[in-house]
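Keep the 3D view open as you read.

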Amino acid sequence: MTPAGRRWEALGTTVDVSVTDPSSLDRAYAIADRRIALVGDACDRSRPDSELSALTGRAERGVRISPVLADLVAVALGAAAGSDGVVDPTVGVGPDGAARDGRLRLVVDGGAPTHGASGAAARWTTVRLEDDVLVVPVGVALDLDAAARARTADAIVATAAASLGCGVLVRIGAHIASRGGAPDGGWPITVAARVGDPGCRIALPADGALVTVHLPVAIHPRTRRSPVPVWRTVSVLADTAVRAGTLAAAAILDGSQALHRLDVARFPARLVDVAGGVTHVHGWPEEAQRAA
């Protein structure tokens with residue numbers, strides 16, 4: 001049976017939903033659309049009516065937030081803690097209340113993280129979440145874009161696979177997750193599809209996730225300097241898109257230390273250095289073919 005899919009725009013990027021059973025596509029789309037709508041209501045910073053926009057600059061004494069937003073904040077803070085603060089979901093807020101780009105944001109748009117250039121060290125540690133009460137100091141705001149995309153992809157495939165009884169793959173920007181089965185040979189995925197990069201195609205198995213991140217311009221939170229470019233692309237395969245995205249973003253900023261981070265994590269990864277050389281670690285799957 002040939003898989004079926006649907007594509008649309010949401011959360012500031014392209015969303016794809018594919019299923020191994022074409023008769024389940026409409027229901028899979030409905031599950032995805034409903035979850036994405038909830039996430040957009042919770043944390044879309046481009047919308048002044050979103051919950052996150054409404055609390056910016058007003059949460060220094062703690063505010064109660066929805067379960068959806070609380071879950072996304074927990075994911076983002078967990079990514080920061082798990083990466084030793086390299087992946088930081090905070091941004092600065094100017095005197096006019098407008099968010100300013102922070103020193104390092106986990107923001108992936110089509111595989112490319114965008115980061116700010118200055119700000120207080122370890123700013124993410126000033127944000128506190130206790131049950132449904134969120135505390136964000138004055139001068140700090142949260143950017144949950146990448147955390148939301150990763151978490152939403154993971155949540156959709158888990159819900160859809162369980163409800164529909166078939167294989168489901170979701171791609172939200174650079175974040176890809178699958179559950180419940182895959183076509184014969186796996187889900188065909190193009191990796192590192194960026195001009196100038198040696199791209200490839202692999203077969204993503206069921207119950208896996210893949211995120212590819214490209215070289216940013218950023219200040220590393222530990223050194224307070226722009227990292228010396230070592231890798232221009234890092235792709236990580238993991239059990240969830242949240243884990244894959246966190247590892248990929250942290251690894252590309254770690255430069256020469258990236259291989260150590262990935263060695264400790266023990267997830268398959270593909271790294272393209274600035275000269276175009278490719279390094280595979282921990283059983284990266286055989287590449288089906290080179291992509292132009």
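## The second largest cavity

The second largest cavity has a volume of about 30 Å³, where a volume is the space filled by probe spheres set on grid points joined across faces, edges and corners. On a 1 Å grid over the protein atoms alone, a cavity is a set of points where a 1.4 Å probe fits but cannot get out, and lining residues have an atom within 4 Å of a point. Searching the whole structure gives 2 cavities of 30 Å³ or more.

Which residues line the second largest cavity? They are L52, L55, T56, G57, V136, V140, A141 and L142. Strand β10 (140-142) and helix α2 (51-55) are the elements that each give two or more residues to this lining, and β10 has the largest share, with 3 residues. Helices (H or I, at least four residues) and strands (E, at least two) are DSSP runs, numbered from the N terminus. By class, 6 lining residues are nonpolar, 2 are polar and none is charged. Here Ala, Val, Leu, Ile, Met, Phe, Trp, Tyr, Cys and Pro count as nonpolar, Asp, Glu, Lys and Arg as charged, and the others, Gly among them, as polar.

## About the model

This is a predicted model, in which local features need pLDDT of at least 70 and side-chain atom pairs count only at pLDDT 80 or more, while totals for chains, interfaces and linings use all residues. Residues are numbered from 1 along each chain as its sequence is written, and side-chain values use heavy atoms, leaving out hydrogens and water.

## The largest pocket

Now for an open space: a pocket is an open set of points with protein on both sides within 12 Å along at least five of seven lines. The largest pocket holds about 340 Å³ of space. Of its 17 lining residues, G82, V242, R243, T246 and L247 lie nearest the centre. Two or more residues come from each of α3 (67-82), α4, α5 (241-254) and α6 (258-265), and α5 gives the largest share, 5 residues.

## A closer look at T152

T152 belongs to helix α4 (residues 145-164). Is T152 buried or exposed? T152 counts as buried because its relative accessibility is 0%; buried means under 20% relative accessible area, exposed over 50%, and partly exposed in between (1.4 Å probe, protein chains only).

Leaving aside residues up to four places away in sequence, T152 touches L11, R35, I36, V39 and I172, with contact meaning heavy atoms within 4.5 Å. One of these, L11, is found in the loop between β1 (4-10) and β2 (13-19). L11 is not a glycine, yet has a positive phi of about 50°.
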